[in-house]
Amino acid sequence: MGYRKAEEVLPMEVIELIQQYVDGENIYIPRKVDNRREWGAKTRIRQELLFRNQEIYRDYRTGIKISELADKYYLSEKSIQRIVRNMKENL
């Protein structure tokens, strides 16, 4: 998320109104509900994590221990357990 100067996008009257509440501070203006996107919608991270989790589950089913999977994928054992449990439930 980048920052834009208020003077470039808002009329001076609006800026002056905002300054009555927050003068010289950064504020976040949320998206409209209709314009919101799900997490990861702009990138491929969701697909990459699904692929990684499928690999973890495949390795688990071949007999690799949870502790070994944690080392291999640089995750905690609890994270591996959660991934395995979720993959079992979703298949």
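## A walk around helix H3

Start by selecting asparagine 53, which sits in helix H3. (Helices here are DSSP runs of H or I with at least four residues, and strands are E runs of at least two, numbered from the N terminus.) Before going on, note that this is a predicted model, where local features need pLDDT of at least 70, side-chain atom pairs count only at pLDDT 80 or more, and totals for chains, interfaces and linings use all residues. Residues are numbered from 1 along each chain as its sequence is written, and side-chain values use heavy atoms, leaving out hydrogens and water.

Is asparagine 53 buried or exposed? Asparagine 53 is buried, at 16% relative accessible area. (Buried means under 20% relative accessible area, exposed over 50%, and partly exposed in between, with a 1.4 Å probe and protein chains only.) Show the neighbours next: leaving aside residues up to four places away in sequence, asparagine 53 touches Ile83 and Met87, where a contact means heavy atoms within 4.5 Å.

Now select the whole of H3. Its 17 residues reach 24 Å from the first C-alpha to the last, close to the 24 Å expected at 1.5 Å a residue; that expected span is 1.5 Å times one less than the number of residues. Colour Asn53, Ile56, Tyr57 and Asp59, the buried residues of H3. They cover an arc of only 160° around the axis, so they lie on the same side of H3. (The arc is that of the directions from the helix axis to the C-beta atoms.) These buried residues pack against H4 and H5, while Gln47 and Arg61 are exposed on the other side of H3.

Stay on H3 and show the side chains of tyrosine 57 and tyrosine 60. Their rings form a stacked aromatic pair, 6.5 Å centre to centre with 20° between the planes. (Rings of Phe, Tyr and Trp, the last by its six-membered ring, pair if their centres lie within 6.5 Å; planes under 30 degrees apart are stacked, over 60 edge-to-face, and the rest tilted.) The two tyrosines are three residues apart in H3 (residues 45-61), so about one helical turn separates them. Tyrosine 57 is buried at 11% relative accessible area, whereas tyrosine 60 is partly exposed at 29%.

Next, go to glycine 63, which follows H3 and has a positive phi near 105°.

For the last stop, select tyrosine 74, in the loop between helix H4 (66-73) and helix H5 (77-90). Tyrosine 74 has a positive phi of about 55° although it is not a glycine. Most residues other than glycine have a negative phi. Tyrosine 74 is exposed, at 75% relative accessibility.
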